[in-house]
Amino acid sequence: MAETSATPRWHAAGDWFDVCKCAVPCPCTYAQPPTYGDCDGVLAWHIREGRYGDVSLDGLNVLMLGSFVGNVWGEHSDAYAAVFLDERADESQREALGKIFGGEAGGWPARLVGMLAPEVRGIEFSPVTISVDDDLATWSAEVPGHVVARAEALTGPTTPEGARVQTVNAPGSETGPGQVATWGRALADQADAYGFSWDWAGRSSKHIPFDWSGPE
C-alpha cells in the first residue's frame, strides 16, 4: 500500500509482555484454548524505536487490559479491552499511538485489535511506566491506581544459570511471526479499571519482542 496523507509509513519495534490468568505456560502462545477456558490479562508495549511518518515514538509506552472466552486464535467470544496510552506523548504522538494501537494504521496491530479488542471499554492517557531488564531477568509495568504487572524469568532445577526458557516460532505469537518468546512467572498481576478487577500472582507471563510496520 502506498503512503497516503491519512496513513503514513510507520514502524515500531521494542518489548512486549503480558501477565495473565493462565497457568505457566500460557496456552494462547501455542494457539490453544486458555487454561481455564477464558483469559484476563495485562499487555504492555515499550517502543524502543518508532516513527509514524515524521513523528518519533521512541521511548513511549502502551498498556492494555484484555479479556476473552475461548481460543483467541480460533473461535472466541466476549472479547473486550481498555487501553492506557503514555501521557508523555505530545499531540502528534498521541494521534499516532491511537491510530497504531487502535488498528487504524494497519499492520499487525490491526489484526490483534480485531481479535482481542472489538469492544473497547475505555482509552485514556496516563502515566504508564514499563521496565524490561536487558538480560530479560525481570519485566514490569504500572499505571498508578489501576494496574501493577511484575514478572521474573522462568527457571528451574535443570535450567542453566542465567539461561532463559524460550520458544522459537510459537504458533500463536502475540506480536506476530518470527519472534522468540521468553517465559516467566508473574510476581504481581493486579487490575482495577473499566470493569476489569483481579489480583493474582504465580501465573503465566512471557516477553516477546515486536517489530511492526504499516500501513500494509
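This is a predicted model: local features need pLDDT of at least 70, side-chain atom pairs count only at pLDDT 80 or more; totals for chains, interfaces and linings use all residues.
Local features were considered at pLDDT of at least 70 and side-chain atom pairs only at pLDDT 80 or more, while totals for chains, interfaces and linings use all residues. Residues are numbered from 1 along each chain, and side-chain values use heavy atoms, without hydrogens and water.

A disulfide is a covalent bond between the sulfur atoms of two cysteines. With the criterion of a pair of cysteine sulfur atoms within 2.5 Å, 0 disulfides were counted. The sulfur of Cys-22 has that of Cys-39 as its nearest cysteine sulfur, 3.8 Å away, and Cys-22 is in no disulfide. Cys-22 is buried (under 20% relative accessible area, with exposed over 50% and partly exposed in between, for a 1.4 Å probe and protein chains only), because its relative accessibility is 0%. Cys-39, at 5%, is also buried.

Rings of Phe, Tyr and Trp (its six-membered ring) were paired if their centres lie within 6.5 Å; planes under 30 degrees apart count as stacked, over 60 as edge-to-face and the rest as tilted. This gave 11 aromatic pairs. Trp-45 and Phe-101 form an edge-to-face pair, since their ring centres are 5.3 Å apart and their planes lie at 65°. Phe-210 and Trp-212 form a tilted pair, with centres 4.6 Å apart and planes at 40°. Ring pairs join these four residues, Trp-45, Phe-101, Phe-210 and Trp-212, into a cluster. Trp-45 is buried at 1%, and Phe-210 is buried at 2%.

A charge sits over a ring if NZ of Lys or CZ of Arg is within 6 Å of the ring centre and within 35 degrees of the ring normal. The charged end of Arg-94 lies over the ring of Phe-125, 4.2 Å from its centre. That of Arg-121 lies over the ring of Tyr-80, 3.7 Å from its centre.
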